[in-house]
Amino acid sequence: LDIIKNSKDILINSIGLERYLHSVGVMEEARKLSLKYNSDIEKATIAGLLHDCGKYADKSELLKKAYDFGIIQKGQVNIIPELIHGALGAEIAMKEHKIDDRDIIDAIKYHTTGKPNMSLLQKIIYIADYIEPSRDFFGVDEIRKLAYDDLNKALLKAMDNTIKHVIDRGYYIHPDTIAARNYLINETN
Ligand code: DGI
Ligand code: FE
Ligand code: FE
Ligand code: FE
């Protein structure tokens, strides 16, 4: 795929080498999951590689681009970079990486929060981001196994852990994070 070669320099320059290597890990995990669940491997490759393309290492650049694309507004309080980089990444993927596939763009846009009624690709990117090989936090091995056994159960567990993590730190919870989990509970049962 040309995109793997063509996007490399843009990614390393904007998100840094470490996050680029994480992105390659997400790409490889997403390819494996796509094989397992008969999903489009090319789309998973592109979405995995680009999912964090909006996560600028330079925070002032992230905020400036987010203003330019109308993702945040002047005077807005409660600006959370973690919750901006998905929507920003979707814009950067379209404009700088020339991606026009709506499913790939939404997989990037919603990879942090999730959303109701996620496509198979979107679920794969969310969970690949959570379990890619360099991830190392409590409970990740359980979800790594579960991801290849029952994708929805793995997704629900990853969302539960994320929500607990966010609550434990007293952070704001994005409505999409809640809506994604509630939808999945109804979908899974
Ligand atoms: O960009 P990555 O680190 O690879 O992963 P990510 O885009 O999934 O971001 C994960 C972070 O986002 C993690 O620290 C938890 C945080 N997060 C997810 N949902 C919410 C959230 N943070 C807040 N404040 N609110 C949320 O709803
Ligand atoms: Fe991310
Ligand atoms: Fe994630
Ligand atoms: Fe990521």
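**View 1. The largest pocket is the space taken by ligand 1.** Welcome to a predicted model, in which local features need pLDDT of at least 70, side-chain atom pairs count only at pLDDT 80 or more, and totals for chains, interfaces and linings use all residues. Residues are numbered from 1 along each chain as its sequence is written, ligands are numbered from 1 in the order in which they are written, and side-chain values use heavy atoms, without hydrogens and water. A pocket here is an open set of points on a 1 Å grid over the protein atoms alone, with protein on both sides within 12 Å along at least five of seven lines.

**View 2. Here are the residues around ligand 1.** The shell has 19 residues, and Lys 55, Thr 112, Arg 135, Tyr 172 and Thr 177 come nearest (near means a heavy atom within 4 Å). Helices α3 (17–36), α6 (81–95) and α10 (151–168) each supply at least two residues of this shell; helices are DSSP runs of H or I, at least four residues, numbered from the N terminus.

**View 3. Polar atoms of the protein meet ligand 1.** In these polar contacts (pairs of N or O atoms within 3.5 Å), a side-chain N or O atom of Thr 112 is 2.7 Å from an oxygen atom of ligand 1. Arg 135 brings a polar side-chain atom to 2.8 Å from an oxygen atom of the ligand, while a polar backbone atom of Tyr 172 is 2.7 Å from a nitrogen atom of ligand 1.

**View 4. Three residues hold the iron ion (ligand 2).** Asp 52 (OD), His 85 (NE2) and His 111 (NE2) are its protein donors, lying 2.1 Å away; donors are N, O and S atoms within 2.8 Å of the metal (3.2 Å for Na, K and Ca), and water is not among the atoms, so sites may look incomplete. His 85 lies in helix α6 and His 111 in the loop between α7 (102–109) and α8 (120–131), so the pair ties together parts that are 26 residues apart in sequence.

**View 5. Asp 52 coordinates both the iron ion (ligand 4) and the iron ion (ligand 2).** These two ions are 3.5 Å apart. Ligand 4 is coordinated by His 22 (NE2), His 51 (NE2), Asp 52 (OD) and Asp 129 (OD), at 2.2 to 2.3 Å.

Methods:
Polar contact = N/O pair within 3.5 Å; in protein donor to acceptor, adjacent residues only side chain to side chain. 1 Å grid on protein atoms, 1.4 Å probe; cavity = no way out; pocket = protein on both sides within 12 Å on 5 of 7 lines; lining within 4 Å. Sits in = over half its atoms within 2 Å of the grid points.
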